[in-house]
Amino acid sequence: MLKIYKSHENGPLTELSLRSLENGAWINIVAPTPYELKVVGNLTEVEPDFLRSALDDEERSHIDIEDDSVMILTNVPVIREEGGYDTLPLAIIVTEEYIITVCLEETPVLSYFNEKNARFFRTFKKTRFLFQILYRSATFYLSYLRQISKQSDEIERNLRHSMKNQEILKLLELQKSLTFFNASLRSNGAVLDKLMRLRTNSTMQPMLKYYEEDEDLLEDVIIENKQAKEMVEMYSKILARLADTFSSIISNNLNQVMKFLAAVTILLAIPTVISSFFGMNVPVPMSESTWAFSYIFGIAGVLVVICGYLLWKRDMF
(Lines give C-alpha, C1' and ligand atoms only; values in the text may rest on other atoms or scores of the structure.)
Protein backbone atom coordinates (compact mmCIF):
# COMPACT_ATOMS: atom_id res chain seq x y z
CA MET A 1 0.00 0.00 0.00
CA LEU A 2 1.32 3.41 -0.99
CA LYS A 3 -0.16 6.63 0.38
CA ILE A 4 1.12 10.18 -0.03
CA TYR A 5 0.08 13.06 2.23
CA LYS A 6 1.00 16.68 2.64
CA SER A 7 0.07 19.12 5.38
CA HIS A 8 -1.03 22.68 4.70
CA GLU A 9 0.02 25.64 6.81
CA ASN A 10 -3.45 25.98 8.29
CA GLY A 11 -3.65 22.32 9.31
CA PRO A 12 -5.60 20.09 6.87
CA LEU A 13 -3.95 16.98 5.46
CA THR A 14 -4.23 16.42 1.71
CA GLU A 15 -3.73 13.09 -0.03
CA LEU A 16 -1.59 13.26 -3.17
CA SER A 17 -0.71 10.87 -5.96
CA LEU A 18 2.64 9.99 -7.47
CA ARG A 19 1.91 12.32 -10.37
CA SER A 20 1.11 15.25 -8.06
CA LEU A 21 4.02 14.65 -5.68
CA GLU A 22 5.17 17.88 -3.99
CA ASN A 23 8.02 18.96 -1.77
CA GLY A 24 7.25 18.47 1.90
CA ALA A 25 5.11 15.39 1.26
CA TRP A 26 5.01 12.29 3.42
CA ILE A 27 5.23 9.02 1.46
CA ASN A 28 3.89 6.16 3.57
CA ILE A 29 4.63 2.67 2.22
CA VAL A 30 3.14 -0.40 3.96
CA ALA A 31 3.89 -3.96 2.84
CA PRO A 32 5.27 -2.63 -0.46
CA THR A 33 5.47 -4.48 -3.73
CA PRO A 34 8.71 -4.42 -5.75
CA TYR A 35 6.98 -2.13 -8.26
CA GLU A 36 6.05 0.43 -5.56
CA LEU A 37 9.61 0.46 -4.23
CA LYS A 38 11.00 0.93 -7.72
CA VAL A 39 8.63 3.81 -8.52
CA VAL A 40 9.28 5.61 -5.24
CA GLY A 41 13.01 5.07 -5.60
CA ASN A 42 13.00 6.57 -9.10
CA LEU A 43 10.90 9.60 -8.12
CA THR A 44 12.76 10.43 -4.91
CA GLU A 45 16.24 9.16 -5.91
CA VAL A 46 16.52 7.40 -2.57
CA GLU A 47 19.00 4.56 -2.13
CA PRO A 48 17.11 1.28 -2.87
CA ASP A 49 18.68 -0.37 0.17
CA PHE A 50 17.08 2.32 2.35
CA LEU A 51 13.63 1.42 1.04
CA ARG A 52 14.20 -2.32 1.51
CA SER A 53 15.80 -2.11 4.95
CA ALA A 54 12.50 -2.37 6.87
CA LEU A 55 11.38 -5.46 4.95
CA ASP A 56 13.54 -7.71 7.13
CA ASP A 57 11.53 -8.26 10.32
CA GLU A 58 14.74 -9.12 12.21
CA GLU A 59 16.49 -5.83 11.35
CA ARG A 60 17.78 -3.90 14.35
CA SER A 61 17.57 -0.14 14.80
CA HIS A 62 20.33 1.91 13.21
CA ILE A 63 21.05 5.04 11.16
CA ASP A 64 22.48 5.15 7.63
CA ILE A 65 23.57 8.39 5.98
CA GLU A 66 24.04 9.17 2.31
CA ASP A 67 24.89 12.47 0.60
CA ASP A 68 21.28 13.51 0.03
CA SER A 69 19.29 11.37 2.49
CA VAL A 70 19.37 9.83 5.94
CA MET A 71 17.60 6.63 6.97
CA ILE A 72 16.54 6.12 10.59
CA LEU A 73 15.44 2.54 11.22
CA THR A 74 13.59 2.05 14.50
CA ASN A 75 11.56 -0.78 15.98
CA VAL A 76 7.93 -0.03 16.83
CA PRO A 77 5.60 -2.14 19.04
CA VAL A 78 2.64 -4.09 17.68
CA ILE A 79 -0.04 -6.38 19.15
CA ARG A 80 -0.50 -9.83 17.68
CA GLU A 81 -3.86 -11.56 17.29
CA GLU A 82 -2.92 -14.32 19.74
CA GLY A 83 -2.55 -11.74 22.50
CA GLY A 84 1.21 -11.37 22.48
CA TYR A 85 3.33 -8.35 21.66
CA ASP A 86 6.07 -7.95 19.11
CA THR A 87 8.15 -5.29 17.37
CA LEU A 88 8.51 -4.38 13.72
CA PRO A 89 11.23 -2.39 11.95
CA LEU A 90 10.10 0.98 10.64
CA ALA A 91 12.34 2.85 8.21
CA ILE A 92 12.04 6.64 8.20
CA ILE A 93 13.92 8.21 5.30
CA VAL A 94 14.43 11.94 5.28
CA THR A 95 15.56 13.81 2.18
CA GLU A 96 15.66 17.51 1.36
CA GLU A 97 12.22 17.26 -0.27
CA TYR A 98 10.34 14.36 1.35
CA ILE A 99 9.95 12.14 4.37
CA ILE A 100 9.34 8.46 3.57
CA THR A 101 8.20 5.70 5.93
CA VAL A 102 8.41 1.99 5.09
CA CYS A 103 6.98 -0.83 7.19
CA LEU A 104 5.89 -4.42 6.69
CA GLU A 105 2.50 -3.88 8.37
CA GLU A 106 0.09 -1.15 9.29
CA THR A 107 1.04 -0.09 12.81
CA PRO A 108 -0.74 2.02 15.46
CA VAL A 109 2.25 4.37 15.50
CA LEU A 110 1.74 5.57 11.93
CA SER A 111 -2.05 5.18 12.05
CA TYR A 112 -2.12 8.01 14.58
CA PHE A 113 -0.95 10.49 11.93
CA ASN A 114 -4.18 10.89 10.01
CA GLU A 115 -6.64 13.61 9.03
CA LYS A 116 -8.25 13.56 12.48
CA ASN A 117 -4.95 14.48 14.16
CA ALA A 118 -3.60 16.60 11.29
CA ARG A 119 -3.46 19.73 13.44
CA PHE A 120 -0.75 18.16 15.63
CA PHE A 121 1.88 17.64 12.92
CA ARG A 122 3.20 19.06 9.66
CA THR A 123 4.70 16.78 7.04
CA PHE A 124 6.89 19.56 5.62
CA LYS A 125 8.54 20.04 9.03
CA LYS A 126 10.46 16.84 8.45
CA THR A 127 12.72 16.84 11.51
CA ARG A 128 9.88 17.55 13.92
CA PHE A 129 7.65 15.03 12.16
CA LEU A 130 10.43 12.43 12.51
CA PHE A 131 10.69 13.08 16.24
CA GLN A 132 6.90 12.98 16.60
CA ILE A 133 6.86 9.50 15.04
CA LEU A 134 9.60 8.37 17.42
CA TYR A 135 7.76 9.93 20.37
CA ARG A 136 4.53 8.20 19.40
CA SER A 137 6.42 4.89 19.20
CA ALA A 138 7.82 5.41 22.73
CA THR A 139 4.34 6.21 24.12
CA PHE A 140 2.94 3.01 22.60
CA TYR A 141 5.71 1.03 24.28
CA LEU A 142 4.65 2.53 27.61
CA SER A 143 0.98 1.87 26.89
CA TYR A 144 1.61 -1.77 25.99
CA LEU A 145 3.81 -2.24 29.05
CA ARG A 146 0.95 -1.06 31.27
CA GLN A 147 -1.28 -3.61 29.54
CA ILE A 148 1.31 -6.32 30.18
CA SER A 149 1.41 -5.32 33.85
CA LYS A 150 -2.39 -5.66 34.14
CA GLN A 151 -2.32 -9.01 32.35
CA SER A 152 0.41 -10.33 34.66
CA ASP A 153 -1.63 -9.27 37.70
CA GLU A 154 -4.67 -11.11 36.32
CA ILE A 155 -2.59 -14.22 35.60
CA GLU A 156 -1.23 -14.11 39.14
CA ARG A 157 -4.75 -13.96 40.59
CA ASN A 158 -5.86 -16.90 38.45
CA LEU A 159 -2.82 -18.98 39.34
CA ARG A 160 -3.53 -18.49 43.03
CA HIS A 161 -6.73 -20.50 42.59
CA SER A 162 -5.83 -23.03 39.91
CA MET A 163 -2.63 -24.07 38.17
CA LYS A 164 -3.86 -24.22 34.59
CA ASN A 165 -1.50 -24.72 31.69
CA GLN A 166 -3.27 -21.93 29.83
CA GLU A 167 -2.30 -19.36 32.45
CA ILE A 168 1.30 -20.53 32.53
CA LEU A 169 1.49 -20.31 28.74
CA LYS A 170 0.15 -16.74 28.91
CA LEU A 171 2.90 -15.93 31.40
CA LEU A 172 5.47 -17.36 29.00
CA GLU A 173 4.03 -15.26 26.16
CA LEU A 174 4.35 -12.09 28.22
CA GLN A 175 7.96 -12.93 29.08
CA LYS A 176 8.69 -13.40 25.39
CA SER A 177 7.04 -10.06 24.58
CA LEU A 178 9.18 -8.29 27.18
CA THR A 179 12.28 -9.86 25.68
CA PHE A 180 11.37 -8.40 22.27
CA PHE A 181 10.65 -5.01 23.83
CA ASN A 182 13.91 -5.00 25.76
CA ALA A 183 16.04 -5.70 22.68
CA SER A 184 14.19 -3.10 20.59
CA LEU A 185 14.30 -0.36 23.22
CA ARG A 186 18.04 -0.83 23.69
CA SER A 187 18.74 -0.45 19.97
CA ASN A 188 16.25 2.44 19.74
CA GLY A 189 18.11 4.17 22.56
CA ALA A 190 21.36 3.96 20.61
CA VAL A 191 19.64 5.53 17.58
CA LEU A 192 18.24 8.38 19.68
CA ASP A 193 21.65 9.08 21.18
CA LYS A 194 23.14 9.23 17.70
CA LEU A 195 20.41 11.61 16.55
CA MET A 196 21.26 13.86 19.47
CA ARG A 197 24.92 13.89 18.43
CA LEU A 198 24.03 14.60 14.78
CA ARG A 199 22.39 17.91 15.65
CA THR A 200 25.81 19.58 15.52
CA ASN A 201 26.75 17.95 12.20
CA SER A 202 26.66 20.62 9.51
CA THR A 203 26.42 18.07 6.69
CA MET A 204 23.03 16.96 8.05
CA GLN A 205 21.46 20.43 7.90
CA PRO A 206 19.88 19.99 4.43
CA MET A 207 18.01 16.86 5.63
CA LEU A 208 17.63 17.39 9.38
CA LYS A 209 17.24 20.98 10.51
CA TYR A 210 17.22 21.16 14.29
CA TYR A 211 15.35 23.98 15.97
CA GLU A 212 15.13 24.56 19.68
CA GLU A 213 11.67 23.00 19.98
CA ASP A 214 12.89 20.03 17.93
CA GLU A 215 15.73 19.40 20.37
CA ASP A 216 13.27 19.59 23.26
CA LEU A 217 11.07 17.03 21.53
CA LEU A 218 14.04 14.73 20.93
CA GLU A 219 14.95 14.96 24.62
CA ASP A 220 11.37 13.99 25.48
CA VAL A 221 11.66 10.98 23.18
CA ILE A 222 14.90 9.92 24.88
CA ILE A 223 13.28 10.26 28.32
CA GLU A 224 10.23 8.24 27.26
CA ASN A 225 12.45 5.55 25.74
CA LYS A 226 14.53 5.30 28.93
CA GLN A 227 11.38 5.07 31.03
CA ALA A 228 10.04 2.28 28.81
CA LYS A 229 13.37 0.45 29.04
CA GLU A 230 13.36 0.68 32.85
CA MET A 231 9.77 -0.57 32.96
CA VAL A 232 10.68 -3.53 30.73
CA GLU A 233 13.57 -4.47 33.00
CA MET A 234 11.37 -4.18 36.11
CA TYR A 235 8.48 -6.18 34.63
CA SER A 236 10.89 -8.81 33.30
CA LYS A 237 12.26 -9.35 36.81
CA ILE A 238 8.74 -9.48 38.27
CA LEU A 239 7.55 -12.04 35.72
CA ALA A 240 10.70 -14.13 36.13
CA ARG A 241 10.23 -14.24 39.91
CA LEU A 242 6.52 -14.91 39.45
CA ALA A 243 7.32 -17.84 37.15
CA ASP A 244 9.89 -19.19 39.63
CA THR A 245 7.44 -18.84 42.51
CA PHE A 246 4.65 -20.70 40.78
CA SER A 247 7.10 -23.32 39.56
CA SER A 248 8.02 -23.93 43.19
CA ILE A 249 4.34 -24.03 44.14
CA ILE A 250 3.59 -26.56 41.41
CA SER A 251 6.54 -28.68 42.52
CA ASN A 252 5.40 -28.48 46.15
CA ASN A 253 1.84 -29.43 45.20
CA LEU A 254 3.19 -32.41 43.30
CA ASN A 255 5.18 -33.48 46.36
CA GLN A 256 2.05 -33.22 48.49
CA VAL A 257 0.10 -35.40 46.06
CA MET A 258 2.89 -37.98 45.90
CA LYS A 259 3.10 -38.03 49.70
CA PHE A 260 -0.67 -38.57 49.99
CA LEU A 261 -0.58 -41.38 47.41
CA ALA A 262 2.31 -43.02 49.24
CA ALA A 263 0.34 -42.95 52.50
CA VAL A 264 -2.76 -44.40 50.82
CA THR A 265 -0.63 -47.14 49.25
CA ILE A 266 0.76 -48.07 52.66
CA LEU A 267 -2.73 -48.27 54.18
CA LEU A 268 -4.06 -50.40 51.32
CA ALA A 269 -1.08 -52.72 51.61
CA ILE A 270 -1.95 -53.73 55.23
CA PRO A 271 -5.28 -55.54 54.52
CA THR A 272 -3.79 -56.90 51.31
CA VAL A 273 -0.88 -58.55 53.18
CA ILE A 274 -3.14 -59.94 55.92
CA SER A 275 -5.73 -61.30 53.48
CA SER A 276 -2.96 -62.79 51.38
CA PHE A 277 -1.53 -64.56 54.46
CA PHE A 278 -4.85 -66.06 55.50
CA GLY A 279 -5.73 -66.91 51.92
CA MET A 280 -2.81 -69.34 51.50
CA ASN A 281 -3.58 -72.95 50.55
CA VAL A 282 -2.06 -74.33 53.78
CA PRO A 283 -3.40 -74.69 57.32
CA VAL A 284 -3.53 -71.26 59.03
CA PRO A 285 -4.87 -70.09 62.41
CA MET A 286 -8.66 -69.81 62.67
CA SER A 287 -9.15 -71.77 59.46
CA GLU A 288 -11.93 -73.83 61.14
CA SER A 289 -13.60 -70.89 62.90
CA THR A 290 -16.90 -69.51 61.59
CA TRP A 291 -15.89 -66.05 62.87
CA ALA A 292 -12.52 -66.06 61.08
CA PHE A 293 -13.51 -63.46 58.48
CA SER A 294 -14.73 -61.04 61.14
CA TYR A 295 -11.57 -61.51 63.23
CA ILE A 296 -9.30 -61.02 60.24
CA PHE A 297 -11.28 -57.99 59.04
CA GLY A 298 -11.15 -56.50 62.53
CA ILE A 299 -7.40 -57.05 62.87
CA ALA A 300 -6.78 -55.45 59.48
CA GLY A 301 -9.03 -52.54 60.38
CA VAL A 302 -7.28 -51.91 63.68
CA LEU A 303 -3.85 -52.04 62.03
CA VAL A 304 -5.02 -49.64 59.30
CA VAL A 305 -6.34 -47.20 61.90
CA ILE A 306 -3.11 -47.35 63.93
CA CYS A 307 -0.95 -46.94 60.85
CA GLY A 308 -3.15 -44.12 59.57
CA TYR A 309 -2.82 -42.31 62.90
CA LEU A 310 0.97 -42.64 62.81
CA LEU A 311 1.09 -41.36 59.21
CA TRP A 312 -1.18 -38.47 60.13
CA LYS A 313 1.13 -37.56 63.02
CA ARG A 314 3.97 -37.46 60.49
CA ASP A 315 1.93 -35.10 58.28
CA MET A 316 1.51 -37.60 55.45
CA PHE A 317 -2.09 -36.49 54.88
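Tutor: One term to start with: two strands pair if DSSP finds at least two bridges between them. Also, keep in mind that this is a predicted model.
Student: OK. Which residue is the bridge partner of isoleucine 79 in β6?
Tutor: Tyrosine 85. Strand β5, residues 69-79, pairs with β6 over 11 bridges. The sense is antiparallel.
Student: And how many bridges join β6 to β7?
Tutor: 5 bridges, and these strands run antiparallel. Strand β7 covers residues 99-103. In it, isoleucine 100 stands opposite isoleucine 93. A hairpin of 3 residues joins β6 to β7.
Student: Switching to helices. Which residues are buried in α1?
Tutor: Glu36, Leu37, Val39, Val40, Gly41 and Thr44. They pack against β1, β3, α2 and β7.
Student: What comes just after α1?
Tutor: Glutamate 45, with a positive phi of about 60°.
Student: Now α4 and α6. What angle do they pack at?
Tutor: About 20°, with the axes 9 Å apart. Here α4 is residues 126-161 and α6 is residues 212-278.
Student: Why does α4 count as roughly parallel to α6?
Tutor: Because their angle is about 20°, and angles under 35 degrees count as roughly parallel. So α4 is roughly parallel to α6.
Student: Which residues make up that contact?
Tutor: 18 nonpolar, 7 polar and 8 charged.
Student: Left-handed or right-handed crossing?
Tutor: α4 passes α6 in a left-handed crossing.

Definitions and conventions: Residues numbered from 1 in each chain as written. Predicted model: local features only at pLDDT ≥ 70, side-chain atom pairs only at ≥ 80, totals over all residues. Heavy atoms only, no water. Helix = DSSP H or I, 4+ residues; strand = E, 2+ residues; numbered from the N terminus. Buried < 20%, exposed > 50% of the residue type's maximum accessible area, 1.4 Å probe, protein only. Contact = heavy atoms within 4.5 Å. Axes fitted to C-alpha atoms, helices over the stretch in contact; angles between N-to-C directions. Parallel < 35°, antiparallel > 145°, perpendicular 65-115°, else oblique. Left-handed = near helix turned anticlockwise from the far one by under 90°. Nonpolar A, V, L, I, M, F, W, Y, C, P; charged D, E, K, R; others polar.
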